[in-house]
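Please open the structure in a viewer and keep the sequence at hand.

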Amino acid sequence: MLRYATPLTFAAIGGLFSERSGVVNIGLEGMMLTGAFFGIWGADRTSSWVLGLLIALAAGALMALVHAFFAIHLRADQIIGGTAINFLALGVTGYLFIDIYGQEGTPTDIPAIPEVSIPLLRDVPFVGDVVGQMNLMIWLALLTVLLAWVVIFKTPVGLRIRAVGEQPRAADTVGISVFKVRYAAVIVSGMLAALGGAYLSIGFVNSFGENMTAGRGFIALAALIFGNWRPFPTLAACLLFGFSSALAQRLPVYSDSAAVLFQALPYVLTLIAVAGLIGRSIPPAAVGRPYKKQ
């Protein structure tokens, strides 16, 4: 469950930063896909998974910068801009994948993100076997949730982000640069989404395939709505989606037909979240509204 929830958690927390600042980031899917490709490409070219992660971060930041420019400076429709980012990422990564790796696909000896073994946790009854040895990125995702809560709700930086996402005009009048805060928040969202993608390619399956994110960016957005734009409830929603994905992967052992049905469960949960059937979610007041300085 944690392995399936990890890429969603990175992307959803990234979306949290962007949307708390007032910018809808439906391009998380494309930013994840970009991170997945450039993560494994970087690890392959440098023979280092650390450098692979750094290259994925840079690629995700670049994609987010494009989205931010259209959404913030050009005041373009943020939904359309995010959709364009998704198509751009699909086309660019698909072309580069075929051009660089061809039909043979990525090599099998690319350095992977390692597992981390914690002896004290490994000895805990019942859960020790589960949490005693996990991929490094799973721990990093959990730490990211905690850091996001601290930054958003306990620091002046978070106060500025929430201010421009709720009342940008009022924030501007007290000297907060709405443009700078929104640019920074969107770029952070792209970098976190790229980390989620890089975990998929060099931490989970250790390979890359065209469109391998398969809608996880949209599921992360649904988790963000489930979580009412708050870090810990968003993590809980990601774990729920991760559980449903893990269940769908396990069921073929018992029933092929049930497994096919349960593979649709994450998307059904996404529809429930978007439709608001679990209760009313209240987004930041200015999310999706371009700001024009007067």
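A residue is called buried when its relative accessible area is under 20%, exposed when it is over 50%, and partly exposed in between. The model shown here is predicted.

**First stop: the loop between α3 and α4**

Select Arg-75, which lies in the loop joining α3 (49-73) to α4 (78-101). Is this residue buried, partly exposed or exposed? Arg-75 has a relative accessibility of 39%, so it counts as partly exposed. Next, inspect the backbone: the phi of Arg-75 is near 55°, a positive value in a residue other than glycine. Most residues other than glycine have a negative phi.

**Second stop: the loop between α10 and α11**

Move on to Ala-214, placed in the loop between α10 (178-204) and α11 (216-226). What is the phi of this residue? For Ala-214 the angle is near 50°, again a positive value in a residue that is not glycine. The relative accessible area of Ala-214 is 37%, and therefore Ala-214 is partly exposed.

Now select Leu-140, Leu-143, Leu-146, Leu-147, Trp-149, Val-150 and Phe-232 together; they make a nonpolar surface patch of about 560 Å². Which helix gives the most to this patch? It is α7, with six residues. Within the selection, pick out Val-150, a residue of helix α7. Val-150 has a relative accessible area of 31%, so this residue is partly exposed.

How many cavities of 30 Å³ or more does the structure hold? There is one, and the volume of the largest cavity is about 40 Å³. To display its lining, select Leu-2, Ala-5, Thr-6, Thr-9, Ile-138, Ala-141, Leu-142, Leu-235 and Leu-239.

Colour the helices next. Three of them, α1 (2-20), α7 (136-154) and α12 (231-250), each contribute at least two residues to the lining of the largest cavity. The largest share comes from α1, which supplies four residues.

Finally, colour the lining by residue class. Which classes are present there? Seven of the lining residues are nonpolar and two are polar, while none is charged. The two threonines in the selection, Thr-6 and Thr-9, belong to this lining.

Terms used. Residues numbered from 1 in each chain as written. Predicted model: local features only at pLDDT ≥ 70, side-chain atom pairs only at ≥ 80, totals over all residues. Heavy atoms only, no water. 1 Å grid on protein atoms, 1.4 Å probe; cavity = no way out; pocket = protein on both sides within 12 Å on 5 of 7 lines; lining within 4 Å. Points joined across faces, edges and corners; volume = space filled by probe spheres on them. Nonpolar A, V, L, I, M, F, W, Y, C, P; charged D, E, K, R; others polar. Patch = residues over 30% accessible without salt bridge, like charges linked within 9 Å, V, L, I, M, F, W, Y side chains within 5 Å. Areas by Shrake-Rupley, 256 points an atom, 1.4 Å probe, with all protein chains shown as cover. Salt bridge = Lys/Arg side-chain N within 4 Å of Asp/Glu carboxyl O. Buried < 20%, exposed > 50% of the residue type's maximum accessible area, 1.4 Å probe, protein only.
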